[in-house]
Protein chains: 2
Amino acid sequence: MTDSASRPRFRLFVPAPLAAGVAVALTRDQTHYLAAVMRAEPGEMVLLFNGADGEWLARIAALAKAGAALVPERRTRPQTPEPDLWLLAAPLKKDRTDLVVEKAAELGVSRLWPVFTRRTNAGRVNIERLRAHLTEAAEQCERLTVPDLAEPAALDKVLAGWPAERVLLFLDEGGGGPPLTQVLTGLPPGPLALLVGPEGGFDDGERRLITAQPFARAVGLGPRILRAETAAIAALAVVQAIRGDWGSTPRTPC
Amino acid sequence: MTDSASRPRFRLFVPAPLAAGVAVALTRDQTHYLAAVMRAEPGEMVLLFNGADGEWLARIAALAKAGAALVPERRTRPQTPEPDLWLLAAPLKKDRTDLVVEKAAELGVSRLWPVFTRRTNAGRVNIERLRAHLTEAAEQCERLTVPDLAEPAALDKVLAGWPAERVLLFLDEGGGGPPLTQVLTGLPPGPLALLVGPEGGFDDGERRLITAQPFARAVGLGPRILRAETAAIAALAVVQAIRGDWGSTPRTPC
């Protein structure tokens, strides 16, 4: 298989620097996936990205059970700026959290931050699992980064240490906020974050605490009651479409 | 439990006309859910809607194993117009189809239409299952309708019989279309539909067939590769936010 013949079967995130001719190693899991699951052979091409050096076409130089070495040959895409958009989300039931994580990566979130609220079941967060899902989704959706996964924290602590210049759009399941598009249109340029609660929503004290913050803006998502994960996904799509990178040049396959 | 004390535990779709004092019957499944699963008792209040007469607060008048009778007492919401928005979607793997169906109902689709494409596994559609999911999602999200479920059909037949006045937004996984927001802004008022393909996308012949239709407009959904179900959900959210009912009066809890 040559790089011009067809699209590589694999696209992987590696933390190492990427430069022509400088070999990078894969993890044991990545090696297992390539060698045992997908029956890759030395010589096959793989796309690599590391969040800093763009995307590279690399050749499998060595492949054994315990490890693999890939040699980057050609840069296929330069690293480009990505929207600065955080998603703060209370953990949900396992399937619904998996969905939020996958879609957050696909929809271009730069940081995912699990927040604990009064109605959150705090036993629900497995950080390594979330990180693996974020990485896998980023590999599949052709991002050049993996979203940052912030240390899970209690909502009040997160708000207390909030960077004042970042507007926090509070997805208000109470339905009282002005429409998201209206709020977005009125905002000055700058970094954004979205905040979505657990299945049972925020309690009254939390709602008061959030809306009392000078950086917070309640927004409404229409007349229907959206589940927590739907609210997160829908709001991310609208933010990217209106203020994010959906207006940029269409991507070109490598 | 009285209707002023707290929100009813149940919200159900019934096909029967709703009017004060005129009893309606529940299906066997609904009866089983109320009586056996949720241990409801005669006298408990239930919210009902039928897609035509608004939402009603009804009292359980009789409840047995085989059936239940509910008597509407007071209308809580009038029937209001809803966006005329179709979603044409190729069936996906079971979990992903379930997700599209649930989110289509939550995001206010008026008609869901399963379409078969060359890369669709046609064995994947169970109409009764889809209808049950649509109904359940509509009950939970406080819609006043259940989306219409159109008879699954082959893409070419659907296009051949298309109503010319309805613009078909083709969610082009090839990434070549102009941004969705830009296309929406330039459209005259009128009914819309979205078209999303299967996991493997449309083949070249299908893409040519679709884009050759005078009513079809290819649209782009940003620089990342979205899975089919993500594209459907994200595009629905953007359409509702920009052209649909997200700008209408915030809902008021009944």
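Trainee: Which side chain does the side chain of A:Asn50 make a polar contact with?

Mentor: This is a predicted model, so side-chain atom pairs count only at pLDDT 80 or more. A:Asn50 sits in the loop between strand E3 (45-49) and strand E4 (55-63) of chain A. At 2.7 Å, its side chain makes a polar contact with the side chain of A:Asp53.

Trainee: Which backbone oxygen does the side chain of A:Asn50 reach?

Mentor: Set aside neighbours within four places in sequence. A:Asn50 is then in contact with residues including A:Phe13, A:Val14, A:Pro15 and A:Leu144. A:Ala16, A:Pro17 and A:Leu18 are also among its contacts. The backbone oxygen, reached at 2.9 Å, is that of A:Ala16.

Trainee: Is A:Asn50 buried or exposed?

Mentor: Buried means under 20% relative accessible area. A:Asn50 has 11% relative accessibility. A:Asn50 therefore counts as buried.

Trainee: How far apart are the end C-alpha atoms of residues 26-65 of chain A?

Mentor: UniProt, in an unreviewed entry, lists residues 26-65 of chain A as "domain: Ribosomal RNA small subunit methyltransferase E PUA-like". The span is 25% helix and 35% strand. Its end C-alpha atoms lie apart by 11 Å.

Trainee: What separation do the centres of domain 1 of chain A and domain 2 of chain A have?

Mentor: The domain assignment gives domain 1 as 11-77 and domain 2 as 85-242 in chain A. The contact takes 10 residues from domain 1 of chain A and eight residues from domain 2 of chain A. Taken over C-alpha atoms, the centres of these two domains are separated by 33 Å.

Trainee: What area is buried between domain 1 of chain A and domain 2 of chain A?

Mentor: The size of an interface is often given as the accessible area lost when the parts come together. Between domain 1 and domain 2 of chain A, carbon and sulfur atoms give 59% of that area. The total buried there is about 710 Å².

Trainee: Phi of A:Arg39 has a positive value; what is it near?

Mentor: Most residues other than glycine have a negative phi. A:Arg39 is found in the loop between helix H1 (28-37) and E3 of chain A. A:Arg39 is exposed, with a relative accessible area of 65%. Its phi is near 55 degrees.

Trainee: Is A:Glu142 buried or exposed?

Mentor: A:Glu142 also has a positive phi, near 70 degrees. Its place is in the loop between helix H3 (127-141) and strand E8 (148-149) of chain A. The cut-off for buried is under 20% relative accessible area. At a relative accessible area of 16%, A:Glu142 is buried.

Trainee: What percentage of the residues in chain A is buried?

Mentor: Chain A has seven helices and 12 strands. Its C-alpha trace spans about 60 × 40 × 30 Å along its principal axes. Out of 254 residues in chain A, the buried share is 52%.

Trainee: Of the contacts in chain A between residues at least 6 apart in sequence, what percentage joins residues at least 24 apart?

Mentor: Take contacts in chain A between residues at least 6 apart in sequence. Then ask which of them join residues at least 24 apart. The share is 75%.

Trainee: What distance separates the C-alpha atoms of A:Leu63 and A:Ala25?

Mentor: A:Leu63 lies in strand E4 of chain A. It is partly exposed, with a relative accessible area of 21%. Beyond four places in sequence, A:Leu63 touches residues including A:Thr31, A:Ala35 and A:Pro42. A:Ala25 is 38 residues away along the chain, and the C-alpha separation is 9.9 Å.

Trainee: What distance separates the C-alpha atoms of B:Leu63 and B:Phe202?

Mentor: B:Leu63 is found in strand E4 (residues 55-63) of chain B. At 21% relative accessibility, B:Leu63 counts as partly exposed. B:Phe202 is 139 residues apart from B:Leu63 along the chain, and their C-alpha atoms are separated by 50 Å.

Methods:
Residues are numbered from 1 along each chain as its sequence is written. Chains are lettered from A and ligands numbered from 1 in the order in which they are written. Side-chain values use heavy atoms; hydrogens and water are left out. Helices (H or I, at least four residues) and strands (E, at least two) are DSSP runs, numbered from the N terminus. Buried means under 20% relative accessible area, exposed over 50%, partly exposed in between (1.4 Å probe, protein chains only). A polar contact is a pair of N or O atoms within 3.5 Å; within protein, one must be able to donate a hydrogen and the other to accept it, and residues adjacent in sequence count only if both atoms are side-chain atoms. Contact means heavy atoms within 4.5 Å. UniProt positions are given in the numbering used here, feature names are shortened, and annotations may be inferred rather than shown by experiment. Domain bounds come from an automatic or database domain assignment. Buried area is the accessible area (1.4 Å probe) that two parts lose on being put together, summed over both.
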